[in-house]
Amino acid sequence: MNPIENCFKRELTRGAVQFGLWAALSDAYVTEVLATAGFDWLLIDNEHAPNDIRSTLAQLQAVAGYRSQAVVRPVKSDAAIIKQLLDIGAQTLLLPMINTEEEAREAVAATRYPPDGVRGVGSALARASRWNRIPDYLGTAARDLCVLVQVETVVGLDNLQAIASVEGVDGVFFGPADLSASMGLLGKPGAPKVREVIRDGIGAVRKLGKAAGVLAPDRAFADEYIAAGATFVAVGTDTGLLSTAAGQLAASYKSSAAAMKTESGGY
């Protein structure tokens with residue numbers, strides 16, 4: 001069995017912009033529907049969505065046959081959690097709240113087998129190695145792993161150069177919601193000052209030869225960040241799409257019914 005190439009990592013290395021969607025509804029059937037929509041990547045969220053190892057595994061299996069690539073975000077950057085996610089077949093991880101160079105190094109180490117890291121060796125039990133059917137999985141696994149770290153605090157911004165320079169960090173993702181809160185602008189992720197520091201951060205990361213990403217459901221903001229050099233951009237969320245579409249559909253019928261009632265004199 002041939003190694004499973006990480007196409008998302010390959011495209012980031014080329015510098016091609018990759019458009020993604022947040023998958024937070026935590027259901028494999030929903031995530032498979034999203035995989036047919038044409039997004040380059042889907043974020044399976046364990047930090048702010050009710051996912052666990054089993055539901056994440058089901059979603060990885062559901063999207064495996066499609067072009068969209070799965071990116072998994074654990075609830076925190078923790079070696080034990082990372083080990084489980086890698087073993088069930090996650091190849092790209094988005095690790096939240098990385099504030100220092102040391103935390104970035106620890107994150108990378110959690111994805112590497114000894115002597116290069118601390119990942120536990122259990123490939124015989126793992127979907128990642130296809131239960132040891134991939135030749136030399138232990139020696140080649142790191143090649144197709146993509147480590148993305150989230151910088152989403154003022155402290156993280158202060159240490160951005162050092163974080164992005166860590167060997168094994170493939171990209172930095174800026175989280176506007178937490179970053180705006182850290183800047184004293186809670187609930188204002190689109191504030192001009194927040195967008196300014198994100199644009200500057202994107203530029204700094206790209207100068208180091210690393211990929212830069214951001215969540216930008218607003219089209220104008222997404223275009224702004226792409227112009228600044230962002231190469232992986234989440235342009236929406238499944239929860240947002242469903243909520244908005246459902247609300248619009250309900251409202252269209254409610255307004256029509258109200259108009260008909262008025263025209264008929266209230267009967």
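Predicted model: local features only at pLDDT ≥ 70, side-chain atom pairs only at ≥ 80, totals over all residues.
Residues are numbered from 1 along each chain as its sequence is written, and side-chain values use heavy atoms, with hydrogens and water left out.

Let us stay with Glu152 for a moment. Glu152 sits in the loop between strand E5 (146–151) and helix H7 (154–158); helices (H or I, at least four residues) and strands (E, at least two) are DSSP runs, numbered from the N terminus. With a relative accessible area of 2%, Glu152 is buried, a word that stands for under 20% relative accessible area, with exposed meaning over 50% and partly exposed in between (1.4 Å probe, protein chains only). A polar atom of the Glu152 side chain lies 2.7 Å from the backbone nitrogen of Met97. Not counting residues up to four places away in sequence, Glu152 touches Pro96, Met97, Gly175, Asp178, Leu179 and Ser182, contact being heavy atoms within 4.5 Å. Phe174 is 22 residues from Glu152 in sequence, yet the two are 5.7 Å apart in space, C-alpha to C-alpha.

Pro96 and Gln150 also lead us to another glutamate. Glu47 is in contact with Arg73, Pro74, Val75, Pro96 and Gln150, leaving aside its neighbours within four places in sequence. What joins the side chains of Glu47 and Arg73? They meet in a salt bridge at 3.0 Å, N to O; the term covers a side-chain nitrogen of Lys or Arg within 4 Å of a carboxyl oxygen of Asp or Glu. This pair links distant parts of the chain, with Arg73 in strand E3 (residues 69–73) and Glu47 in the loop between strand E2 (41–45) and helix H3 (53–63), 26 residues apart. Both partners are buried: Arg73 has a relative accessible area of 5%, and Glu47 has one of 18%.

The structure holds 14 salt bridges, so let us visit a few others. Arg195 and Glu224 meet through their side chains in a salt bridge of 3.0 Å, N to O. Here helix H10 (residues 192–207) carries Arg195 and helix H11 (residues 219–228) carries Glu224, a link between distant parts of the chain, 29 residues apart. Arg195 counts as buried at 16% relative accessibility. Glu224 also forms a salt bridge with Arg199, at 2.5 Å, N to O. Arg199 lies in H10 and Glu224 in H11, so this pair ties together parts that are 25 residues apart in sequence. Arg199 itself is partly exposed, with a relative accessible area of 29%. Elsewhere, salt bridges that share partners join Glu5, Arg10, Glu11 and Arg14 into one network.

Asp218 caps its N-terminal end, with a side-chain oxygen 2.9 Å from the backbone nitrogen of Ala220. Just after H11 comes Gly229, which takes a positive phi of about 120 degrees.

Now turn to helix H1 (residues 7–14), where Phe8, Lys9, Glu11 and Leu12 are buried. They lie on the same side of H1, because they cover an arc of only 165 degrees around the axis, the arc being that of the directions from the helix axis to the C-beta atoms. An α-helix has 3.6 residues a turn, so residues three or four places apart point the same way. On the other side of H1, Thr13 and Arg14 are exposed. At the start of H1, a side-chain oxygen of Asn6 reaches to within 3.2 Å of the backbone nitrogen of Phe8. H1 is followed by Gly15, which has a positive phi near 90 degrees.

Notes. Polar contact = N/O pair within 3.5 Å; in protein donor to acceptor, adjacent residues only side chain to side chain.
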